[in-house]
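Colleague: Can you put the model up? I have a few questions about it.

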Amino acid sequence: MSRKATVAQAAAVSFIKMAMPQCLKSHAANKAPSLLARHQQHHVSVVTSSLGQSAGNGVFALRAVPEGTALCLYPGAHRIPCGVSKRCRSSIERAQEEQEHNPYLLSLQGGTPGMLDGNPESDGYQQISATGALENPSAVGHLVNHGVDAANVEVATFNWAKVLEGQPVQERYPLPNFLCGSSRDSEPAALGGAVFFALREIEAGEELFVDYGLTNPLPKWAASWYAR
């Protein structure tokens, strides 16, 4: 299988299906900087999912929000595809192999290559946690559960350098993502991020759900329960 085909296959079985109007994608991504503010009013909280204990935690709206509101960010290490970064070559290959068992891989779209790995047990996640970035109440996108009929949020992926251009760095949390192989103190131009935004008006106390958009053959972590 060619390198291009391998990356395309990885995207096809990735955590989130990326399909939305470009205008909504831009609208949500442009709000990503506000989700880094330390003193802003945050929109979500994390408690046990309404789906039951088997689903683990879920993300809930703290207050009613209108359609298009940016609600939370997806934390994790940004793994770059083969050939883009020699230092990350083995990392992305491992990620592709891990897709059968790792439900926290999210493919980046819109010209930013690679994927975010939000697995709480991964070395990258622990590295981000050590910076204090995960104290940000908005860095909980990896806990949003799957729902087709109940889907009320969508994901927009973006380039951090573009959405932070001209934004002050004071009084904000560290970025909840880092580029594999780079310094945590840097904000590289290639660094990708992802934001969850409301597809419709969401009521206070409502759990957030997103369509994972998985395709057959299903990865092992979803085979026993996933349904469209």
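Colleague: How do the residues lining the second largest pocket divide into nonpolar, polar and charged?
Modeller: This is a predicted model, to begin with. The lining of that pocket has 5 nonpolar, 9 polar and 2 charged residues.

Colleague: What volume does the second largest pocket have?
Modeller: About 260 Å³.

Colleague: And which residues lie nearest its centre?
Modeller: Gly110, Thr157, Phe158, Asn159 and Lys162, out of 16 lining residues.

Colleague: Which element gives the most to that lining?
Modeller: Helix H2, with 4 residues. Helix H2 (22–29), strand S8 (153–159) and helix H5 (160–163) each supply at least two.

Colleague: Switching to aromatics. How many aromatic pairs are there in the whole structure?
Modeller: The search finds 2. Tyr74 and Phe196 form a stacked pair, with 6.4 Å from centre to centre and 15° between the planes.

Colleague: Where do Tyr74 and Phe196 lie in the chain?
Modeller: Tyr74 is in the loop between strand S3 (70–73) and strand S4 (76–79), and Phe196 is in strand S10 (residues 192–198), so the pair ties together parts that are 122 residues apart in sequence.

Colleague: Are those two buried or exposed?
Modeller: Both Tyr74 and Phe196 are buried.

Colleague: How are the rings of Phe158 and Trp160 placed?
Modeller: Their centres are 4.8 Å apart and the planes are at 80°. Pairs with planes over 60 degrees apart count as edge-to-face, so that is what this pair is. Phe158 and Trp160 are both buried. Phe158 is also one of the residues nearest the centre of the second largest pocket.

Colleague: Which ring does the charged end of Arg38 sit over?
Modeller: The ring of Tyr173, at 4.7 Å from its centre.

Colleague: Now salt bridges. How many does the structure hold?
Modeller: It holds 2. In one of them, the side chains of Arg79 and Asp117 meet at 2.8 Å, N to O. Arg79 is in strand S4 and Asp117 in strand S6 (residues 115–117), 38 residues apart, so this bridge links distant parts of the chain.

Colleague: Why does Arg79 count as buried?
Modeller: Because its relative accessible area is 9%, and buried means under 20%. Asp117 is buried too, at 2%.

Colleague: Which residue does Glu206 form a salt bridge with?
Modeller: Arg200, with the closest N and O atoms 2.5 Å apart. Arg200 counts as partly exposed, at 35% relative accessibility.

Definitions and conventions
Residues numbered from 1 in each chain as written. Predicted model: local features only at pLDDT ≥ 70, side-chain atom pairs only at ≥ 80, totals over all residues. Heavy atoms only, no water. Phe/Tyr/Trp six-rings, centres within 6.5 Å; stacked < 30°, edge-to-face > 60°. Buried < 20%, exposed > 50% of the residue type's maximum accessible area, 1.4 Å probe, protein only. Lys NZ or Arg CZ within 6 Å of the ring centre and 35° of its normal. Salt bridge = Lys/Arg side-chain N within 4 Å of Asp/Glu carboxyl O. 1 Å grid on protein atoms, 1.4 Å probe; cavity = no way out; pocket = protein on both sides within 12 Å on 5 of 7 lines; lining within 4 Å. Points joined across faces, edges and corners; volume = space filled by probe spheres on them. Nonpolar A, V, L, I, M, F, W, Y, C, P; charged D, E, K, R; others polar.
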